[in-house]
Amino acid sequence: VMLPLDPLSGRLVLIDWEGCTRGLGTWDLARTWVQAGLPPEMRRELEVGLLPRYRAQLAQRGIQDYELEDCFADYRLAILANIPHALAWESHSYLESAMRAFSDWECEDLLT
């Protein structure tokens, strides 16, 4: 992870180079918020506030035809994808947090 300063705004910019793959853009968001084990209300506050900002930034950078509903749908899939990772890492706290997010986002219907 690199945290350079944006020369125009002076704000930190997060660049995550853990892996270079094609996939859901919301994966890193879900993994960060779920794996952090935040209290559910804090995680929900982040999700509600930052997912729309994430989608808006994509639109500003030319990503078309990706509505907020699409972003939320991808985020739900990313939450589901966190469960096998928590199991593989044998992390009880990560799994508990992933399952809380799974329930909060009503991901059950993704399994049918």
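From the N terminus on, the elements of the chain run α-α-α-α. That makes four helices and zero strands, where helices (H or I, at least four residues) and strands (E, at least two) are DSSP runs numbered from the N terminus. This is a predicted model, in which local features need pLDDT of at least 70, side-chain atom pairs count only at pLDDT 80 or more, and totals for chains, interfaces and linings use all residues. Residues are numbered from 1 along each chain as its sequence is written, and side-chain values use heavy atoms, with hydrogens and water left out.

**Overall form**
- Taken along the principal axes, the C-alpha atoms fill a box of roughly 40 × 30 × 30 Å.
- Contact means heavy atoms within 4.5 Å; of the contacts between residues at least 6 apart in sequence, 52% join residues at least 24 apart.

**Burial**
- The chain has 112 residues, and 24% of them count as buried (under 20% relative accessible area; exposed is over 50%, partly exposed in between; 1.4 Å probe, protein chains only).

**Charge**
- There are 10 positive and 18 negative side chains, with Lys and Arg counted as positive, Asp and Glu as negative, and His and the chain ends not counted.
- The centres of the two sets lie 5 Å apart, each charge being placed at NZ of Lys, CZ of Arg, CG of Asp or CD of Glu.

**Cysteines**
- A disulfide is a pair of cysteine sulfur atoms within 2.5 Å, and the count comes to zero.
- The sulfur of Cys-71 is 14 Å from the closest cysteine sulfur, in Cys-107, so it is too far for a bond.
- Cys-71 is buried, with a relative accessible area of 0%.
- Cys-107 is also buried, with a relative accessible area of 0%.
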